[in-house]
Amino acid sequence: MGNIIIVGTQWGDEGKGKIVDCLTEKSNVVARYQGGHNAGHTVVIGDEKFILHLIPSGILHKGKMCIIGNGVVVEPKALIDEIAELEKRGVKVTRDNLRVSKNSHLIMPYHILLDGWKELKKGSKKIGTTGRGIGPCYTTKAERSGIRMLDLFWPEQFKEKLKANISDINCMLEQIPGVEKLDAELIYNDYIAYGKKLEKFVDDTDITINEAIKSGSNCLFEGAQGTLLDVDHGTYPFVTSSSATAGGAMTGLGVGPKCVDEVYGVAKAYTTRVGEGPFPSELSDDTGQLLREKGAEYGATTGRARRCGWLDFVVLRHAVRVNGLTGLVITKLDILDDMEKIKVCVGYKYGNETLRDFPKELPKLEGCTPVYEEVDGWKGQATTGVRSYDKLPQKARDYIALIEKTLDVPVVIISTGQDRDDIIYR
Ligand code: IMP
């Protein structure tokens, strides 16, 4: 199978978790390269539903090595809870199937406070973050005052860094009414205790993964969020703070570009977005509501209702380009089953111009209106649970063909339902 990057092509929630879970069968290593517990990857196996936030969905398979790379920001308590929840449900988590990078940065209590405070200050201009401290953690990483996983095992050094950080943060917190100052000693003790619980998983993951690649293992590099939430290539500033595109896999794991065989972009058969920011093909009508209800479009991490709209080829064209996609994975095709007609956004109208490429300027993007083409739906011929391409209704196959033709990328996998087995490999 080779080494494959799995990346979101829209604003996250494309169903990457399920696809990684399915491809894990033929892989040896599954490695997450960015983001943190802002992500929510859902996998349904029979009657059981697993929502993973930090641990790669490969953990649900026996004998696979799962890696949380250096590019991920780790809230240690969230990781400990996730491991405990998996263990409670019969999934064994040991050093044989989970490793966490020594270099991963830790989300500290002050990151979460700052996330909330910054959003509050922005008022109507807020980003709509998940409130998990992600942005502030990546900020301290870039600013070089971050605490890494390895610091927990160098107590004196950790204490010194933490005290310096807390002293800075407390000066800032003084300005926030009703917020108490942080106690460095308490945080130190909590984090040292977290370190003791996580120590067995901590690893030089760059070495582990490169050795696996060298020995011929197949690796999946699992992205979180999506291209339009990428800090460089997304709808800045309405983005997350990490590199959610394919390039993030290299820096977020410490692997070279030559080891990558395929880059698969996951796209829903329509589009969703959670949080604030531009979304040209958004539907604020009954059709949008229908997609939300039928597609159960509520956040796996925050429970927020997702904004819904038609498939947007301008977005996808951008994703194909900046990720160098070699294959597309279309998920939730079955959610369109009740549609008489389906629209696809083929361009944006901006003044007298029709744009084919995604504009980078926010005011320009906000001034764009979608240009749609309409195609026939396959109403009355359900695709739910269809497991072979030939069994899809002709109109559904036409929809897939339209995607391939427009984007000039083959659709390699189609997901037709929640269950692990509701999938078509081509
Ligand atoms: P943050 O990552 O919590 O800072 O949030 C920044 C933006 O990314 C917000 O619009 C969030 O709703 C969005 N976001 C973060 N993680 C996810 C995700 O896993 N799926 C979808 N949207 C996300």
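**Helix packing and ligand surroundings**

Helices α3 and α4 are oblique to each other, a class left for angles that are not roughly parallel (under 35 degrees), roughly antiparallel (over 145) or roughly perpendicular (65 to 115). The model is a predicted one, in which local features need pLDDT of at least 70 and side-chain atom pairs count only at pLDDT 80 or more, while totals for chains, interfaces and linings use all residues. Residues are numbered from 1 along each chain as its sequence is written, and side-chain values use heavy atoms, with hydrogens and water left out.

The angle between α3 and α4 (residues 134–143) is about 120 degrees, and their axes are 7 Å apart (axes being lines fitted to C-alpha atoms over the stretch in contact, with angles from 0 to 180 degrees between N-to-C directions). Helices are DSSP runs of H or I of at least four residues, and strands are E runs of at least two, numbered from the N terminus. The crossing of this pair, α3 and α4, is right-handed (the near helix is turned clockwise from the far one by less than a right angle; anticlockwise gives left-handed). On α3 the contact (heavy atoms within 4.5 Å) involves H111, L114 and D115, and on α4 it involves I134, P136, C137 and T140. By class, 4 nonpolar, 2 polar and 1 charged residues make up the contact of α3 with α4 (Ala, Val, Leu, Ile, Met, Phe, Trp, Tyr, Cys and Pro are nonpolar, Asp, Glu, Lys and Arg charged, and the others, Gly among them, polar).

Helix α3 (residues 109–122) also packs with helix α5 (residues 155–173), at an angle of about 25 degrees and with axes 11 Å apart. The two helices, α3 and α5, are therefore roughly parallel to each other, and α3 passes α5 in a left-handed crossing. Y110, L113 and L114 of α3 are in contact with L162, N165, I166, I169, M172 and L173 of α5. This contact of α3 with α5 comprises 8 nonpolar residues and 1 polar residue, with no charged residues.

A further helix pair is formed by α10 (residues 313–323) and α12 (residues 394–407), packed at an angle of about 55 degrees with axes 10 Å apart. That angle makes α10 oblique to α12. Helix α10 passes α12 in a right-handed crossing. From α10, F313, L316, R317 and V320 meet L402, I403, T406 and L407 of α12. The contact of α10 with α12 has 6 nonpolar, 1 polar and 1 charged residues.

For T130, a polar side-chain atom lies 2.6 Å from an oxygen atom of the ligand. An N or O atom in the side chain of R304 is 2.9 Å from a ligand oxygen atom. Q225 places a polar side-chain atom 3.1 Å from a nitrogen atom of the ligand.

Q225 is found in the loop between β10 and α8, and its phi is near 55 degrees, a positive value in a residue other than glycine. The loop between β10 (219–222) and α8 (247–253) also holds P237. The peptide bond from Y236 to P237 is cis, with omega near 5 degrees. Most residues other than glycine have a negative phi, and most peptide bonds are trans.

Key: Polar contact = N/O pair within 3.5 Å; in protein donor to acceptor, adjacent residues only side chain to side chain.
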